[in-house]
Amino acid sequence: MDYLDDESYEPSSVSDPLEPVNRFFFNVNDKVYVWVLEPVSTGYSKVLPSDIRQCVSNFFYNLGEPVRAVNCLLQGRVHDAGRTLGRFVINSICGVFGLADPAAHEFKMSPVYASLGETFSVWGVGDGFYLVVPLLGPSTLRDLTGTVGDGFAMTTHTPWNDDVLTTAAAHGVRSVNYTSLHLGEYEDAKSLSFDPYIAFRNGYFQIRAKQFDHTHQ
């Protein structure tokens, strides 16, 4: 099933009372992506081979493992917390600071999804309402709060928190690197829908539902 296809759309139970504002920021984010992020990422992809860009992606993902482990514990998923911490230790040591992922490839320890937004959900906190956040994209009031909390938690062990400029540069590199590994996907997703706003809102909730489903992880 294509999560962004209008035909797969099912009305979400999460309200969207700010739809006019959300549509405005959806269009702003679209312009930022098309005019800035995509061209920069395309040039970046021509400078660095995909293998190196994947190593950069692994490095950033590995830094988030301790926060995922804590969220697993907060959700009562003790086994997943152990697996996530195990992945962090293995990849930090054997994978050269997380540049490689021997935990998945050699030890068959696949990544585990966990976030503070999901933790709030497990605790019974509702979504609130749907939001399109400038430069971040689709979210809900609960999930955005969780994203901010996870971000603050990561500042306890990430190496670039000395000043705002360094922090912004690190997040910029992460965004450009991620986009360079997924070039064309955004345009393809938009082309599938008559109303991209509705399609991406629908896609957000369906992808999140899949992330929250741990029966196949």
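# Exercises on helix packing, core and loops

Helix 2 (residues 50-63) and helix 3 (residues 65-74) pack with their axes 4 Å apart, at an angle of about 40°. The model is predicted: local features need pLDDT of at least 70, side-chain atom pairs count only at pLDDT 80 or more, and totals for chains, interfaces and linings use all residues. Residues are numbered from 1 along each chain as its sequence is written, and side-chain values use heavy atoms, with hydrogens and water left out.

## Exercise 1. Helix 2 against helix 3

Classify the packing of helix 2 and helix 3, then list the residues that meet.

Step 1. Two packed helices are described by the angle between their axes and the distance between the axes. Helices (H or I, at least four residues) and strands (E, at least two) are DSSP runs, numbered from the N terminus. Axes are lines fitted to C-alpha atoms, for helices over the stretch in contact, and angles run from 0 to 180 degrees between N-to-C directions.

Step 2. Apply the classes: under 35 degrees is roughly parallel, over 145 roughly antiparallel, 65 to 115 roughly perpendicular, and the rest oblique. The angle is about 40°, so helix 2 is oblique to helix 3.

Step 3. Find the contacts (heavy atoms within 4.5 Å). Helix 2 brings Tyr61, Asn62 and Leu63; helix 3 brings Glu65, Pro66 and Arg68.

Step 4. Sort by class. Ala, Val, Leu, Ile, Met, Phe, Trp, Tyr, Cys and Pro count as nonpolar, Asp, Glu, Lys and Arg as charged, and the others, Gly among them, as polar. The contact has three nonpolar, one polar and two charged residues.

## Exercise 2. Cover on helix 3

State how many residues of helix 3 are buried, and what they pack against.

Step 1. Set the cut-offs: buried is under 20% relative accessible area, exposed over 50%, partly exposed in between (1.4 Å probe, protein chains only).

Step 2. Seven of the ten residues in helix 3 are buried, so the helix is mostly covered. They are Glu65, Pro66, Val67, Arg68, Ala69, Asn71 and Cys72.

Step 3. These buried residues pack against helix 2, helix 4, helix 6 and helix 7 (141-154). Just after helix 3, Gly76 has a positive phi of about 80°.

## Exercise 3. Helix 1 against helix 8

Repeat the analysis for helix 1 and helix 8 (residues 164-180).

Step 1. The axes come within 8 Å and cross at roughly 75°. Helix 1 and helix 8 are therefore roughly perpendicular.

Step 2. Tyr33, Leu37, Val40, Ser41, Tyr44 and Ser45 of helix 1 meet Ser175, Val176, Asn177, Thr179 and Ser180 of helix 8. The classes are five nonpolar, six polar and no charged residues.

## Exercise 4. The largest nonpolar core

Name the core residues and the element with the largest share.

Step 1. A nonpolar core is a set of buried Ala, Val, Leu, Ile, Met, Phe, Trp, Tyr and Cys residues joined through side-chain atoms within 4.5 Å.

Step 2. The largest core holds twelve residues: Val14, Phe26, Tyr33, Tyr130, Val132, Tyr186, Ala189, Tyr197, Ile198, Phe200, Tyr204 and Phe205. Two or more come from each of helix 1 (19-47), strand 1 (130-133), helix 9 (185-191) and helix 10 (196-212). Helix 10 gives the largest share, five residues.

Step 3. Look at Val14. Leaving out residues up to four places away in sequence, Val14 touches Asp127, Phe129, Tyr130, Thr140 and Phe205.

## Exercise 5. Positive phi in loops

Locate Phe97 and Lys108, and decide: buried or exposed?

Step 1. Most residues other than glycine have a negative phi. Phe97 has a positive phi of about 60°, and phi of Lys108 is near 55°.

Step 2. Phe97 lies in the loop between helix 4 and helix 5 (102-105). Lys108 is in the loop between helix 5 and helix 6.

Step 3. Phe97 is exposed at 62% relative accessible area. Lys108 is exposed at 67%.
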